[in-house]
Amino acid sequence: MINLQRLSRFAGNLAARGPIYAQIAYSIDSAAPLGGEANWNFWTKQSPVGLRFARSYPLKSTREKYLTSMLKADHASGIEAHYDVSNDFYALFLDKKYRFYTCAEFQNGEDTLEKAQERKAEHIRSLLDLEGDEKILELGCGWGSMLKFLRDRGHRGHLKGVTLSKEQLSYVKDTLGLDASLSDFVTDPFEGAPYDRIYSIGAIEHVKPDELEGLYQKIYDALRPGGLSVHQFFSLELEPYPSAMVASQLFFPGSLLVMHDVHVKAAEKAGFTVRRDSIHDYRPTLRAWYERLTGKQEEALKLVDLRTYNRYMIFFPVSWLFFQLEEAKLHRIVLEKPVS
Ligand SMILES: C[S@@+](CC[C@H](N)C(=O)[O-])C[C@H]1O[C@@H](n2cnc3c(N)ncnc32)[C@H](O)[C@@H]1O
């Protein structure tokens, strides 16, 4: 049966937000659960001509205006919308031991998600260049994955995380017994500063463009001289207001990625020396999460409503396409605060 309300929403979205946003919003409202190869292929195998057309709308000036208006929301509302869904739902598709909700390091088709996440964690640990007693702060600690990994590897110094998600906080504190607080790392002071190391994994994507310089300065000021700051994040490569960012408001309301060179300039302006900047491939992780969640459809639908489930079944393949088209790349950077 034709759902007229749904069709009229599609038409309104098409005119105001362009074809990518309209198609995603329409599919989230699907009356049946999405999943499987057909759904993956629908989102990832677009014709080049169709894509070129879709990416041109809405027009650049409209994209900029809309995204600027979306940035007015506070950080917490966007974070709650995405993360405070259900911890058990996330557990269905994240790696079993650490629950990283960030890009893993796959080396070949044989790797499990678990192995690839631990390889990523080990790489970040090596970038942190630890002796074992450092006092460390994680910005946006998620389900405490990296903090737990460091503890498991015998780190003795104090480990502290901050998140804006209440569901994550209760898991990190009550289940893992780690030190964490509900705090906005952009607007709140860093409790417990100075630190020897400050890192983030998949969190500064949520920082708004005009907050970036202030954040790097705050990190710099909260580090001891000679301290290191390591960040894994994805940033834009082609243009500052792509239509993909308009569509991404359906997944991360109020977040807008920043061009990579803007990150680097902001870090250098704060006083950091960029010691390392490497690029990694997000696509295998997105595919792995998709396969797990599509295989757990029945359980997922007992934990979240159909719209939420469908949202993730679209989020993973469209994000895969976003990286495939190199609109954004995943970076790991190491920043050093000079000794004097
Ligand atoms: C994609 S998750 C990554 C979590 C974790 N680092 C991992 O590797 O799985 C992003 C995290 O950043 C947090 N976050 C985003 N913006 C934040 C802010 N302004 N203040 C505090 N936490 C924030 C979210 O609450 C979430 O925990």
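Trainee: Which helix supplies the largest share of the shell around the ligand?

Mentor: Helix α6, residues 75-83, does: three residues of the shell come from this helix. Keep in mind that this is a predicted model.

Trainee: How many residues are around the ligand, and which come nearest?

Mentor: There are 23 residues around the ligand. Y101, T102, G140, Q168 and I201 come nearest.

Trainee: How much of the ligand does the protein bury?

Mentor: The ligand taken alone exposes 590 Å². The protein buries 98% of that.

Trainee: Now the aromatic rings. What describes a pair of them?

Mentor: Two values: the distance of the centres and the angle of the planes. In this structure the count comes to 32 aromatic pairs. One of them joins F42 and W43, with 4.9 Å centre to centre and 90° between the planes, so the pair is edge-to-face. The cut-off for that label is over 60 degrees.

Trainee: Are F42 and W43 buried or partly exposed, and why?

Mentor: F42 counts as partly exposed because its relative accessibility is 44%. W43 has a relative accessible area of 5%, so W43 is buried.

Trainee: What kind of pair do F93 and W289 form, and why?

Mentor: Their ring centres are 6.3 Å apart and their planes stand at 70°, so this pair is edge-to-face. Now place the two residues on the chain. F93 is in helix α7, residues 87-93, and W289 is in helix α14, residues 283-295. They are 196 residues apart, so the pair links distant parts of the chain. Both F93 and W289 are buried.

Trainee: Which charged ends sit over rings?

Mentor: Here are two cases. The charged end of R6 sits over the ring of Y26, 3.7 Å from the ring centre. The charged end of K337 sits over the ring of Y220, 4.6 Å from the ring centre.

Trainee: Y220 is in helix α11. Which residues of α11 are buried?

Mentor: Start with the general idea. An α-helix has 3.6 residues a turn, so residues three or four places apart point the same way. In helix α11, residues 212-222, the buried ones are L212, L215, Y216, K218, I219, Y220 and A222.

Trainee: What covers the buried residues of α11?

Mentor: The cover includes the strands β1 (136-139), β4 (195-201), β5 (223-236) and β7 (328-336). Helix α13 (260-270) is also among the cover.

Trainee: Where is E326, and what is E326 in contact with?

Mentor: E326 lies in the loop between α16 (306-324) and β7. Its relative accessibility is 44%, so E326 counts as partly exposed. Leave aside neighbours within four places in sequence, and E326 is in contact with E237 and L238. E326 and L238 are 88 residues apart along the chain, yet 7.9 Å separates their C-alpha atoms.

Key: Residues are numbered from 1 along each chain as its sequence is written. This is a predicted model: local features need pLDDT of at least 70, side-chain atom pairs count only at pLDDT 80 or more; totals for chains, interfaces and linings use all residues. Side-chain values use heavy atoms; hydrogens and water are left out. Rings of Phe, Tyr and Trp (its six-membered ring) pair if their centres lie within 6.5 Å; planes under 30 degrees apart count as stacked, over 60 as edge-to-face and the rest as tilted. Buried means under 20% relative accessible area, exposed over 50%, partly exposed in between (1.4 Å probe, protein chains only). Helices (H or I, at least four residues) and strands (E, at least two) are DSSP runs, numbered from the N terminus. A charge sits over a ring if NZ of Lys or CZ of Arg is within 6 Å of the ring centre and within 35 degrees of the ring normal. Contact means heavy atoms within 4.5 Å. A residue is near a molecule or strand if one of its heavy atoms lies within 4 Å of it. Accessible areas come from the Shrake-Rupley method with a 1.4 Å probe; for residues, only the protein chains shown count as cover.
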